[in-house]
Amino acid sequence: MLKTLDIENIAVIEKTTVDFSAGLNVLTGETGAGKSIVVDSINAILGERTSKELVRHGAENAFVSAYFEDVSKDVNNKLNELGFDAEEDNSLLLTRKISASGKSACKINGKSATVSMLKEIGALLVNIHGQHDSQALLNPEQQYVYIDMLLDDKEILNEYKTAFKELISIRKRLKVLTSDESDKERQLELLDYQINELEEADIKIGERESLTKRKNLITKSEAISNTLNQSLLMINGDDENAGVQSAIEQSYNSLLSYDELKDISEVFCDINDKIESAKDKIDDMLSSIDFSVEELEQIDERLDLLYRFSNKYGASEAQMLEFLEDAKNKRNSILYSDEELEKLSSEYDDAFDKTVKLADKLSNQRKKTAQIFEKRVMSELEYLDMPKLKFVVNFDKGNLSSVGYDKIEFLISTNPGEPPKPLSKIASGGELSRIMLAIKNIIAYNDTIATLIFDEVDSGVSGRASGKIGLKLKSVSENTQVICVTHSAQIASNADEHFLIEKEFKLGRTYTKVTPLDFDGRKKELARIMGGMEITDALLKSAEELLNANR
């Protein structure tokens, strides 16, 4: 249910907080005081379209937040579907900021969201029914929902949906098999090419990693070999240049000619011995290096092939092999499509027969339920001072869909002798609200929407009928939170929580405030509604009697 609504800079409301109760919440106030602004704010937080004109004059932004408690499983499932985490205590916080330029910034449980996400969540939280806002009731494509809520055996609906889903699955597979022959040939040609290419490649799982490691080792060995050979060249020299060793030997031989240079000649002798030792070690290292230029070229070619295949068939060897297996299955499916087609056709016929039988069974249950529903709606409407209205649930047969083949539409006749016609064509705003109130009272125990808002449900209704509407709203509120904007003292007297919407004028500006009323405050407000400008003792007494009568 909607627990707390915070509003800032929406029209003439500068800042206010409304804490709703679980039962019947009533909003009253003089015409133009701002009652509709509260409903507009709730619409905004539910993702409905807004205008920059909603932002209070002089303010940069308007802000609305709504805190819900005990949200349903359907709401939490929708949150998860949209990528949001449901709270452990089943609470939910929706916020929306509207800038003076008309842009919106929305959040769900503190996480950024889009307006469309708010709307998807909002549809599961609140139903708003105003004089011109009963779209769910007016939409024939949605009217079956009310009947399905009252089915005695709801398992038949689940059985039908499962059967229809299987039927669609088989039909999709049949559609693939019955594609034209030229398309089959093109598919086979492509599949054969892909299969041959992958089979010839003889891909092994993990070989790319293994080849890369081997290449790194070979590349390192090549660099070491090049360094050692360069060192040998510097020691031995070549045809054009004498090496280091030759220069050392020449110096050594020159030094031997002089006894006085014996110490120095011995140093050169040691150097020569170390050079010989270095050459031996270089020779040993070169002979031990396992390096092949041809092998490196082969590895490069293989890695290049695997890279090209990764762009065509999958990033890893496992994905490439999965692609190969899938291609083989597709080829077999096409090659043996006649057998598969015959098998699937038989499965489709069986699934279709099963689905139709379940659709028949579902339709029969709906019609039985609809007969009871019609009588209960007319009984409720008679109580609400609409005794001459005839309510009919009309059934037509359409194509199979995910909800059956029934085309259900609510029809009414407001005058005796007149044939029933669709609600959308003849029902007034006040009639629609009362019809919705009657339906909601019937399905209150089955409806998953936790909050209902009725905007001036008493419009054009006499005092006697208003009293009955108030009692009916009270009845609905025993199972569903109800928020009602009204000008009726009879309806307001049934409230569990009564809020007064009133204007104030300060420093040349208009401000609207929302005040929860105690018993005395309610008595004065009911007297105002009943009597207008002058509140007499008699009106106050009548208001007190009305409140006590509806306690």
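**Sheets and helix packing in the predicted model**

The structure holds 0 disulfides, a disulfide being a pair of cysteine sulfur atoms within 2.5 Å. The model is a predicted one, in which local features need pLDDT of at least 70 and side-chain atom pairs count only at pLDDT 80 or more, whereas totals for chains, interfaces and linings use all residues. Residues are numbered from 1 along each chain as its sequence is written, and side-chain values use heavy atoms, with hydrogens and water left out.

Cys106 counts as buried because its relative accessibility is 6%, and Cys484 is buried at a relative accessible area of 0%. Buried means under 20% relative accessible area, exposed over 50%, and partly exposed in between, with a 1.4 Å probe and protein chains only.

Helices (H or I, at least four residues) and strands (E, at least two) are DSSP runs numbered from the N terminus, and two strands pair if DSSP finds at least two bridges between them. Strands of a sheet pair through backbone hydrogen bonds, either parallel or antiparallel.

Within this sheet, strand β1 (residues 2-10) pairs with β2 in the antiparallel sense over 6 bridges. The bridge partner of Leu5 in β2 is Val18, and that of Glu8 is Lys15. β1 and β2 form a hairpin with 2 residues between them, and Ala11 in the turn has a positive phi of about 50°. Axes are lines fitted to C-alpha atoms, for helices over the stretch in contact, and angles run from 0 to 180 degrees between N-to-C directions.

A further open sheet of 6 strands has the order β8-β12-β13-β3-β14-β15, and its pairing is mixed. β8 (126-129) and β15 (509-516) stand at the edges with a single partner strand each, so one side of each has no neighbour in the sheet. From one strand to the next, the twist averages 15°. Strand β3 (residues 24-28) pairs with strand β13 (residues 481-485) in the parallel sense over 4 bridges. The bridge partner of Leu27 in β13 is Val485.

Two packed helices are described by the angle between their axes and the distance between the axes. The axes of helix α9 (residues 244-255) and helix α10 (residues 262-288) come within 9 Å and cross at roughly 155°. That angle makes α9 roughly antiparallel to α10. Angles under 35 degrees count as roughly parallel, over 145 as roughly antiparallel, 65 to 115 as roughly perpendicular and the rest as oblique. α9 passes α10 in a left-handed crossing; a crossing is left-handed if the near helix is turned anticlockwise from the far one by less than a right angle, and right-handed if clockwise. Residues of α9 in the contact include Val244, Ile248, Tyr252 and Leu255, and those of α10 include Ile264, Phe268, Ile271 and Ile275. Contact means heavy atoms within 4.5 Å.

For helix α8 (residues 207-236) and α10, the axes come within 10 Å and cross at roughly 150°. α8 and α10 are therefore roughly antiparallel to each other, and α8 passes α10 in a left-handed crossing. In α8, Ser225, Leu228, Asn229, Ser231, Leu232, Ile235 and Asn236 meet Ile275, Lys279, Ile282, Asp283, Met285 and Leu286 of α10.

Leu286 is found in helix α10 and is partly exposed, with a relative accessible area of 21%. Not counting residues up to four places away in sequence, Leu286 touches Ser225, Leu228, Asn229 and Leu232. The C-alpha atoms of Leu286 and Gln194 are separated by 45 Å, the two residues being 92 residues apart along the chain.

Lys468 is found in helix α16 (residues 463-476). Lys468 counts as buried because its relative accessibility is 17%. With residues up to four places away in sequence not counted, Lys468 touches Tyr383, Leu384 and Asp385.
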